[in-house]
Protein chains: 2
Amino acid sequence: MSLLVVGSVAYDSVRTPEGSRDRALGGSAMYFSVAASCLTEVSLVGIVGDDFERTHVHMLEARGVDVSGLEYAEGKTFHWSGVYSTEDVNQRETLDTQLNVFEEFNPTLNPRQRDSDFVFLANIDPALQLRVLEQMKRRPRLVALDSMNFWIDGRRDDLDRIVRGVDLFFLDEGEARSYAGEFNIVRAARRIQDMGPRAVVVKRGEHGVLVFDDDDIFSAPAFPLDSVVDPTGAGDSFAGGFMGLLAATGDTSRAGIRRAAIVGSVMGSFAVQDFSADRLTSITPSDIQDRFDNFVRLTQFDGDGLKIESGFLPVSLRARSANN
Amino acid sequence: MSLLVVGSVAYDSVRTPEGSRDRALGGSAMYFSVAASCLTEVSLVGIVGDDFERTHVHMLEARGVDVSGLEYAEGKTFHWSGVYSTEDVNQRETLDTQLNVFEEFNPTLNPRQRDSDFVFLANIDPALQLRVLEQMKRRPRLVALDSMNFWIDGRRDDLDRIVRGVDLFFLDEGEARSYAGEFNIVRAARRIQDMGPRAVVVKRGEHGVLVFDDDDIFSAPAFPLDSVVDPTGAGDSFAGGFMGLLAATGDTSRAGIRRAAIVGSVMGSFAVQDFSADRLTSITPSDIQDRFDNFVRLTQFDGDGLKIESGFLPVSLRARSANN
């Protein structure tokens, strides 16, 4: 089934404890597309400047990404520059953000894109996200949303409007707390679900994700890596794997959502193993399958093995149990 | 099999966003014993003052806890007082610590305790932990250790000595990083395992635990609760469930350790649902079984469902796959 992503394509200058990169290919829609393209075809809507390199377009095309919606504008491509803490690679500081051509981004969908089954609205101005949905010919099968504190704090009304119209909301733990105005993460997720979305996917970085899908809760760990080279794009790669699997299989049941969360975690774990999308662009289907199998090993335990009433309790408790 | 715990028994004055309690029963050995006693018999070695209430001894005795090793000394019981942040219930501030009779604690094991199969050295001075091990008649089947930053920073040599002699080391994420001098948690755990312990159990509060058991890694989530009343004692209750199951079943295989981590998480999740050990003392075996089953539901996904090479990849990737 068709998959559409609308978001940023950027150049990032990044310093992490493992090294640094200048003008590395980045942006939410780029990470999403590269991850999703491991699983299905994806159509990208974004904007770049006249400094955008042909090799980067070719890379996307070679992965089967439909880049006909990648608009070229006069000026420079969105540029972000940041540094990750040497003490805590989960902490980062933005040194500079140059929106450049991204400032004039006004996503326009072609007829085929307006007919997409699955839509991912990456982290951009919620007013633009609304405009994307308005262009759809029909209600897509599933619309997923990402956002950030900047919009939660500054564009609350627009954000509320778009949240009411989506099926899935991906946001990180702090954003979920802030948006819901509630510290407890279960209550925060429930409050956001009450606004409309069927599912809230709470991203917790190296602690994995919690998926609140109707009244179902699923916990997926992050893959324990002994080396994290560059955390940039982990969340968008997660979303790309997640939505890519949904679109590839068409299975949006609870079981399908759970499996998508694991495949998302697989893609997120690859994303952080190198700068930019370098690791993602080199993985093979068997790499994905292997890591998926590793997630099975990471989480499985003998769920039938506990028979708590079958005899090893002390007499006092056994008596108490019998009385209940 | 026999289970011994050596640690503190205390009175805690606690304020959390959900309320407050004055002189509530607390202490690492108390939480551990109450949790473990849901699964097996446990023998407690600790010290209390002449203000220690008979009802608290009776509660432990009624649960089958062997309190013959609970020493009564002249003076007051260890008293801790703290407040949990209203913004983040995971953050706490210690207002006051009065060691009182705990200052003279010199754990002495009786002959039966010296013959214990499973031993949990709760968070006390590592010099005392060493003295406990020296009293054992034979190497116990499994010795587990807990500690804290205070000893990591201030008693490093003694701590290193005891770490070399134990099988399991329970410590929280920050402590693991600090003790190993390594931010990456996989490398930190490996470094600690290299000192001696077969397994390092990294506790991450509401994000669950990571168990590094030889070269095996297991991730267990925390149970998502919509109300956390009092986080005090969660880690010791986790350890009590963990060790209690090992002692009850005698199964210290990898599968046994994984299952113990889940049962530990079950007990930790009950502990925080009320002040002191109030929830733990009211649960029945079927409550434990139910929550264990909920952990199964929380984590399960269709691990056989992904056949990444079976056809839904875009042509370009399928070709790439075939070349590998």
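The model is predicted. Chain B is superposed on chain A by a rotation of 180° with 0.0 Å of shift along its axis, at an RMSD of 0.0 Å, which is the relation of a two-fold axis. Between them, chain B and chain A bury about 5,600 Å², with 60% of that area on carbon and sulfur atoms.

**Symmetry and the shared surface**

- Among the residues of chain B, B:His207 comes closest to the rotation axis, its C-alpha lying at 3.0 Å.
- The contact involves 70 residues of chain B and 69 residues of chain A, and in chain B the residues that lose the most area to chain A are B:Pro285, B:Phe301 and B:Leu306, which together make up 12% of what that side buries.
- Because 99% of the interface residues of chain B are also interface residues in chain A, the copies meet through the same surface.

**Polar pairs and elements at the interface**

- The interface of chain B and chain A holds 2 salt bridges, and a salt bridge is also formed by A:Glu206 with B:Arg177, where the closest N and O atoms are 2.9 Å apart.
- Counting pairs with both residues at pLDDT 80 or more, 15 residue pairs are in polar contact across the interface of chain B and chain A.
- Several elements of chain B each supply at least two residues to the side that touches chain A, including α6 (173–180), α7 (185–194), β13 (216–220) and α8 (234–249), while α10(B) gives the most, with 10 residues.
- By class, that side of chain B has 31 nonpolar, 21 polar and 18 charged residues.

- B:Ser219 is found in strand β13 of chain B and is buried, with a relative accessible area of 7%.
- Leaving aside residues up to four places away in sequence, B:Ser219 touches A:Pro221, A:Leu298 and A:Thr299 of chain A, together with B:Arg204, B:Val209 and B:Leu210 of chain B.

**Helix α3 of chain B**

- Helix α3(B), residues 126–134, has as its buried residues B:Pro126, B:Leu128, B:Gln129, B:Leu130 and B:Val132, and these pack against β1 (3–6), β8 (118–121), β9 (142–146), α4 (149–154) and α5 (156–164) of chain B.
- At the start of α3(B), a side-chain oxygen of B:Asp125 reaches to within 2.8 Å of the backbone nitrogen of B:Ala127.

**Salt bridges within the chains**

- Over all chains the count comes to 36 salt bridges.
- A:Asp117 and A:Arg138 meet in a salt bridge at 3.0 Å, N to O; A:Asp117 lies in the loop between β7 and β8 of chain A and A:Arg138 in the loop between α3 and β9 of chain A, so the pair ties together parts that are 21 residues apart in sequence.
- Of these two, A:Asp117 is buried at a relative accessible area of 17%, whereas A:Arg138 counts as partly exposed at 34%.
- A:Lys203 and A:Asp146 form a salt bridge at 3.7 Å, N to O, and because A:Lys203 lies in strand β11 and A:Asp146 in strand β9 of chain A, the pair ties together parts that are 57 residues apart in sequence; both residues are buried.
- B:Arg21 and B:Asp278 meet in a salt bridge at 3.1 Å, N to O, linking strand β3 of chain B with the loop between α9 and α10 of chain B, 257 residues apart.
- B:Arg21 is partly exposed at 32% relative accessible area, and B:Asp278 is partly exposed at 31%.
- Salt bridges that share partners join A:Asp115, A:Asp117 and A:Arg138 into one network.

Conventions. Residues numbered from 1 in each chain as written. Chains lettered and ligands numbered in written order. Heavy atoms only, no water. Least-squares fit on C-alpha atoms with pLDDT ≥ 70 in both. Contact = heavy atoms within 4.5 Å. Buried area = accessible area lost by both parts, 1.4 Å probe. Salt bridge = Lys/Arg side-chain N within 4 Å of Asp/Glu carboxyl O. Polar contact = N/O pair within 3.5 Å; in protein donor to acceptor, adjacent residues only side chain to side chain. Helix = DSSP H or I, 4+ residues; strand = E, 2+ residues; numbered from the N terminus. Nonpolar A, V, L, I, M, F, W, Y, C, P; charged D, E, K, R; others polar. Buried < 20%, exposed > 50% of the residue type's maximum accessible area, 1.4 Å probe, protein only.
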